[in-house]
Amino acid sequence: MFEKLVNIICNYVEVEPENIHPESRFMEDLGFTSFDFMSMLGEVEDEFDVEVEQSEVMNIRTVGEAVDYLEKLSGEN
């Protein structure tokens with residue numbers, strides 16, 4: 001799931017996949033804007049067939065937290 005998410009992230013910001021780590025922060029490290037992040041969420045919902053709760057998404061700061069959240073939503077643990 002991490003690799004899939006990294007590929008999606010690379011569609012929105014100019015960061016090489018090898019420079020994206022679980023502890024990478026979306027805004028501070030990867031250069032996401034709020035608009036980029038929300039746009040990416042739409043693609044994530046389609047790709048992983050999940051529905052993201054906006055209230056919970058606001059607490060996600062790192063790629064690793066996003067993976068954990070997506071795994072929880074999709075039932076993969």
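I checked overall size first: the protein chain has a radius of gyration of 11 Å, which agrees with the value near 11 Å for a compact globule of 77 residues. The radius is taken over C-alpha atoms, and the globule rule is 2.2 Å times the number of residues to the power 0.38. The model is predicted, so I note that local features need pLDDT of at least 70 and side-chain atom pairs count only at pLDDT 80 or more, while totals for chains, interfaces and linings use all residues. Residues are numbered from 1 along each chain as its sequence is written, and side-chain values use heavy atoms, with hydrogens and water left out.

**Fold**

I looked up the box of the C-alpha atoms along the principal axes and got roughly 30 × 25 × 20 Å. The chain has four helices and zero strands, in the order α-α-α-α. Helices (H or I, at least four residues) and strands (E, at least two) are DSSP runs, numbered from the N terminus.

**H1 against H2**

I took helix H1 (residues 2-10) and helix H2 (residues 34-48): their axes come within 10 Å and cross at roughly 145 degrees. Axes are lines fitted to C-alpha atoms, for helices over the stretch in contact, with angles from 0 to 180 degrees between N-to-C directions. In contact (heavy atoms within 4.5 Å), I find Lys-4, Leu-5, Ile-8 and Ile-9 of H1 with Met-40, Glu-43, Val-44, Glu-47 and Phe-48 of H2. These contact residues divide into six nonpolar, no polar and three charged. Ala, Val, Leu, Ile, Met, Phe, Trp, Tyr, Cys and Pro count as nonpolar, Asp, Glu, Lys and Arg as charged, and the others, Gly among them, as polar.

**Cavity**

I searched the whole structure and found one cavity of 30 Å³ or more. On a 1 Å grid over the protein atoms alone, a cavity is a set of points where a 1.4 Å probe fits but cannot get out; a pocket is an open set with protein on both sides within 12 Å along at least five of seven lines; lining residues have an atom within 4 Å of a point. The largest cavity holds about 80 Å³, a volume being the space filled by probe spheres set on points joined across faces, edges and corners. Its lining includes Leu-5, Met-40 and Val-44, and has twelve nonpolar, no polar and no charged residues. H2 gives the most, with four residues.

**Pocket**

I also looked up the largest pocket, of about 160 Å³. Phe-26, Phe-37, Val-57 and Ile-60 are among its lining residues.
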